[in-house]
2 protein chains.
Amino acid sequence: MTDYVSMINDTLGKYIVKAYPEIIYEAMEYSLKAGGKRMRPRLMLHTAEGFGGSAQSVMPFACALEFIHTYSLIHDDLPCMDDDDLRRGVPTNHKVYGEAMALLAGDALLNSAYEIMAGECLGNCSQQTVSAMYEIAFSAGTGGMIGGQVVDIISEDKKIDESTLLYIHKNKTAAIITAAFAAGAILSGADSISVKRLKEAAGYFGTAFQIKDDILDVKSTTEILGKPVGSDAKNAKTTYVSMYGLEKAEKDFIELSEKSLAIIRHLALKTDSLENYMAELMKRIF
Amino acid sequence: MTDYVSMINDTLGKYIVKAYPEIIYEAMEYSLKAGGKRMRPRLMLHTAEGFGGSAQSVMPFACALEFIHTYSLIHDDLPCMDDDDLRRGVPTNHKVYGEAMALLAGDALLNSAYEIMAGECLGNCSQQTVSAMYEIAFSAGTGGMIGGQVVDIISEDKKIDESTLLYIHKNKTAAIITAAFAAGAILSGADSISVKRLKEAAGYFGTAFQIKDDILDVKSTTEILGKPVGSDAKNAKTTYVSMYGLEKAEKDFIELSEKSLAIIRHLALKTDSLENYMAELMKRIF
């Protein structure tokens, strides 16, 4: 399986071309470089590989998705949101650059994602490039990630029901993962039925991934996670674990993981790198 | 001259399709509807008219630009930025919806602008639509509006030099106005030389417009402006007036206005609605 991490990191770096005023590029770069598994771009690249696409043509969209993911983390960490001091083991953006610059660095990363994608569409104006951009824009918006963040915020300090928790997981986490699968496939010429099946797999996978996060917050350590554990309980936050208990959370995690992998296997992709990477991400630590 | 304001307002409303979670759509709509002259979309529509384009095909991009302008106002008003309580005579977004929701409403408006434009590019995949989107994305980014906001923020409580002040004016205000002209022309099939000349005119016009704003902050009243006057002096902010004095500010405003109008006249557009609208916007109140 090609290890795309260093390719992604190199390309992310190239998209930050420092100019006046340098401080904004530094703030953007700080959070882009602060660790991260590059899960979303890697999922997109492995999906593209599975449909015979080239990493070259997908990379700009993969980087744009990482820009969007990073902006969402910076804004999520702000004092008016989750008010977090640490992210991936290092101080959050506003702790280093101040709130105003962190706000603008988030805005800039979001906008830059579209500058990158629009630039790609300009160089290669096709239904595929435009469609990939549209999938990403939709998933990042109020019908996807932002919708999930909104419900997360308005649910704070409240007892929420199952459908609300599922909405948050599906939108705050799974939406961008869905875009990674869909864009990678579309850019590689996948037919619409395959894209539809992939989105279904991404929905299961994204939810499983969020459940794993909830489980780790109970069972892991700050050293392993690079962020404080037990923060959900401290913030009286409803999680999959607090709603269903650890046992059912672990059971559902396995079930959803296997459902998503079954769909991927059924698509009989050209390589098994996507399946392998998904399996690696869902490796159980319990 | 066709009055595009009600067309723009109707279309802006149609792009806010309320769904769960309703609060985010309400917060977006609140700031979109809170007055505003719709200057940027109107400039785009009049430019399109001048090149024989239809309002129909330009309207989605004109609305997207207004979404971007509105997001920038919401984020600018936040406590960590300018900390303003009033905008266009009504409470600012965070005063009504709280800081977290205002932050997300801004993010959502920015992202929705790209959802609208990507959707248009999908329905009509052409070099023109994609190029218009690219112009807007570039102008809204770190090489345009965000760059201007950054320098504005880091210049607070500091004595700044002429080139810094010009950078702020050119980027914070003129960049989005430039995108309005450029996108309107590109979508209507203008040749690249005309687009280049238009951008030059937009640069003069945008700077003149900002100088007028600085003049009004000294000479107007809160009732007329719908926002507190004298706020620049109160915040010890360097403006065109504080740097050059009122007399030179007024002289330069007239000179830049006339330079921009001269370029527009020289382009010999199909209608004079753009020229008339620009003249109306630059009507002197002194």
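Predicted model: local features only at pLDDT ≥ 70, side-chain atom pairs only at ≥ 80, totals over all residues.
**How the two chains meet**

- Two copies of a chain are related by a rotation about an axis and a shift along it.
- In the contact between the chains, 41 residues of chain B touch 41 residues of chain A.
- On the side of chain B that touches chain A, the elements giving two or more residues are α2 (22-33), α6 (99-123), α7 (127-140) and α8 (145-154) of chain B.
- Helix α6(B) gives the largest share of that side, 15 residues.
- By type, the residues on that side of chain B are 28 nonpolar, 10 polar and 3 charged.
- The copies meet through the same surface, because 100% of the interface residues of chain B are also interface residues in chain A.

**Helix α3 of chain A**

- Helix α3 of chain A covers residues 39-50, and its 12 residues should span 16 Å at 1.5 Å a residue. The expected span is 1.5 Å times one less than the number of residues. The end C-alpha atoms of α3(A) are 16 Å apart, which agrees.
- Is α3(A) largely enclosed by the rest of the structure, or is it open? A residue is buried if 20 or more other C-beta atoms lie within 10 Å of its own. In α3(A), 11 of the 12 residues are buried, so the helix is largely enclosed by the rest of the structure.
- The buried residues of α3(A) include Arg40(A), Arg42(A), His46(A) and Glu49(A), as well as Leu43(A), Met44(A) and Leu45(A).
- These buried residues of α3(A) pack against α1, α4, α9 (162-187), α10 (192-219) and α14 of chain A.
- Just after α3(A), Gly52(A) has a positive phi of about 80°.

**Helices α13 and α14 of chain A**

- Helix α13 (residues 240-266) and helix α14 (residues 273-281) of chain A pack at an angle of about 170°, and their axes are 10 Å apart.
- Angles over 145 degrees count as roughly antiparallel. Helices α13(A) and α14(A) are therefore roughly antiparallel to each other.
- Ser260(A), Leu261(A), Ile264(A) and Arg265(A) of α13(A) meet Leu274(A), Glu275(A), Met278(A) and Ala279(A) of α14(A).
- The residues of this contact between α13(A) and α14(A) divide into 5 nonpolar, 1 polar and 2 charged.

**Backbone features in loops**

- Most residues other than glycine have a negative phi, and most peptide bonds are trans.
- In chain A, the peptide bond from Tyr20(A) to Pro21(A) is cis, with omega near -10°. Pro21(A) sits in the loop between α1 (5-14) and α2 (22-33) of chain A.
- In chain B, the bond from Tyr20(B) to Pro21(B) is cis, with omega near -5°. Pro21(B) lies in the loop between α1 (5-14) and α2 of chain B.
- Asp83(A) is not a glycine, yet it has a positive phi of about 55°. Asp83(A) belongs to the loop between α4 (55-77) and β1 (86-87) of chain A. Asp83(A) is exposed, with 12 other C-beta atoms within 10 Å.
- Asp157(B), also not a glycine, has a positive phi of about 60°. Asp157(B) is in the loop between α8 and α9 (162-187) of chain B. Asp157(B) is exposed, with 8 other C-beta atoms within 10 Å.

Definitions and conventions: Residues numbered from 1 in each chain as written. Chains lettered and ligands numbered in written order. Contact = placed C-beta atoms within 7 Å. Helix = DSSP H or I, 4+ residues; strand = E, 2+ residues; numbered from the N terminus. Nonpolar A, V, L, I, M, F, W, Y, C, P; charged D, E, K, R; others polar. Axes fitted to C-alpha atoms, helices over the stretch in contact; angles between N-to-C directions. Parallel < 35°, antiparallel > 145°, perpendicular 65-115°, else oblique.
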